[in-house]
Amino acid sequence: MENENNRLVVATSPARSLVFFDLETTGLGQSCEIVQLAAVSGGHSLNLYTVPRCRMQRGAAKVTGFRVWRHRLYHHRCPVLTNSLKEVLVSFIAFLRMLDRPIVVGHNIRRFDCPVLARGLDEFDLKAEFQFAVSGCLDTLPLAREILKGRGLQSFRQENLVRIVVGISYEAHDALEDVRALQRLYGALRPTPEQVLRQSFTLDTMAEPAPKQPRPRGPVGQQVSGPCGRISNRK
């Protein structure tokens with residue numbers, strides 16, 4: 001029997017709220033831990049830090065500016081207020097509940113952020129609460145690749161997409177700045193409901209193969225325009 005809590009309701013809910021979400025972590029490996037969790041939905045935002053239980057990898061520390069010294073977390077040499085990992089996750093779920101089962105949106109979250117999040121939720125037996133609080137998850141990396149296919153982009157990193165599509169630069173690798181920029185990028189991409197549904201998943205289905213991108217329709221050699229045709233000449 002299908003679990004109703006895991007069923008995607010994205011396609012039938014065009015007015016569903018969106019929560020843009022990002023993590024900063026101790027590294028990129030399977031055992032990395034959360035350092036910062038940020039989310040934004042319209043004018044509402046959440047930004048929380050936690051002291052990781054494992055060492056920050058040198059590369060991650062250099063990119064993000066996070067350091068741990070004497071059990072305190074520093075960001076670019078400034079101390080930040082922290083909460084336990086469980087408090088961070090509970091607060092995130094409470095934020096989601098305020099928005100009536102939103103869609104959680106992030107860049108490359110299917111392969112990275114959501115598996116890290118799921119590990120933390122499982123550790124504190126919070127996965128079911130998270131699943132009840134959301135309608136599903138949406139990865140903007142394959143979404144952008146589908147929408148901007150054929151535009152000749154060399155990189156689909158979020159920072160690059162924001163610069164090209166939105167026309168701004170921002171402080172990447174700070175989770176709060178990342179989600180604010182992603183919210184603007186999503187608005188510029190203007191995905192269709194069908195595109196959103198194709199790239200949506202749940203924590204239980206994220207390990208399944210991602211859907212293949214549909215081939216553009218039309219005669220051979222005819223260029224098929226997409227929702228971002230207005231930006232095709234921007235480099």
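**Figure 1. Surroundings of L176 in a predicted model.** L176 touches Q36, A38, S45, L46 and N47, with residues up to four places away in sequence not counted. The model shown here and in the other views is predicted. L176 lies in helix 7. Its relative accessibility is 13%, and L176 therefore counts as buried, the cut-off being under 20%. F20 is 156 residues away from L176 in sequence, yet the two C-alpha atoms are 9.6 Å apart in space.

**Figure 2. Helix 7 and the residue that follows it.** Helix 7 covers residues 175-189, 15 residues in all. From its first C-alpha to its last, helix 7 reaches 20 Å, close to the 21 Å expected at 1.5 Å a residue. The buried residues of helix 7 are A175, L176, D178, V179, A181, L182, L185, Y186, A188 and L189. Just after helix 7, R190 takes a positive phi of about 50°.

Figure 3. Helix 6 (158-166) is mostly covered, with seven of its nine residues buried. These are Q158, N160, L161, V162, I164, V165 and V166. The buried residues of helix 6 pack against helix 5 (140-147) and against helix 7. Just after helix 6, G167 takes a positive phi of about 85°. H173 lies in the loop between helix 6 and helix 7. H173 also has a positive phi, of about 70°, although H173 is not a glycine. With a relative accessibility of 32%, H173 counts as partly exposed.

**Figure 4. The buried side of helix 2.** Helix 2 runs over residues 85-97 and has 13 residues. The helix reaches 19 Å from its first C-alpha to its last, close to the 18 Å expected at 1.5 Å a residue. L85, V88, L89, F92, I93, F95 and L96 are buried in helix 2. They cover an arc of only 155° around the axis, so they are on the same side of helix 2. An α-helix has 3.6 residues a turn, so residues three or four places apart point the same way.

**Figure 5. Crossing of helix 2 and helix 3.** Two packed helices are described by the angle between their axes and the distance between the axes. The axes of helix 2 and helix 3 come within 10 Å and cross at roughly 105°. Helix 2 and helix 3 are therefore roughly perpendicular to each other. On the helix 2 side, the residues in contact are L85, L89, F92 and I93. On the helix 3 side, they are L117, G120, L121 and E123. By class, this contact of helix 2 with helix 3 has six nonpolar residues, one polar residue and one charged residue.

Figure 6. N108 has its place in the loop between strand 7 and helix 3. Its phi is positive, about 65°, although N108 is not a glycine. N108 is partly exposed, with a relative accessible area of 27%.

**Figure 7. P211 and its contacts.** P211 is found in the segment after strand 9 (200-201). Leaving aside neighbours within four places in sequence, P211 is in contact with R110, R198 and Q199. P211 and Q199 are 12 residues apart in sequence, and their C-alpha atoms are 7.2 Å apart in space. P211 is partly exposed, with a relative accessible area of 33%.

**Figure 8. The protein chain as a whole, for orientation.** The secondary structure of the protein chain comes to eight helices and nine strands. The chain has 235 residues, of which 48% count as buried. Among contacts between residues at least 6 apart in sequence, 70% join residues at least 24 apart.

How values were computed. Residues numbered from 1 in each chain as written. Predicted model: local features only at pLDDT ≥ 70, side-chain atom pairs only at ≥ 80, totals over all residues. Heavy atoms only, no water. Helix = DSSP H or I, 4+ residues; strand = E, 2+ residues; numbered from the N terminus. Expected span 1.5 Å × (residues − 1). Buried < 20%, exposed > 50% of the residue type's maximum accessible area, 1.4 Å probe, protein only. Arc of directions from axis to C-beta. Axes fitted to C-alpha atoms, helices over the stretch in contact; angles between N-to-C directions. Parallel < 35°, antiparallel > 145°, perpendicular 65-115°, else oblique. Contact = heavy atoms within 4.5 Å. Nonpolar A, V, L, I, M, F, W, Y, C, P; charged D, E, K, R; others polar.
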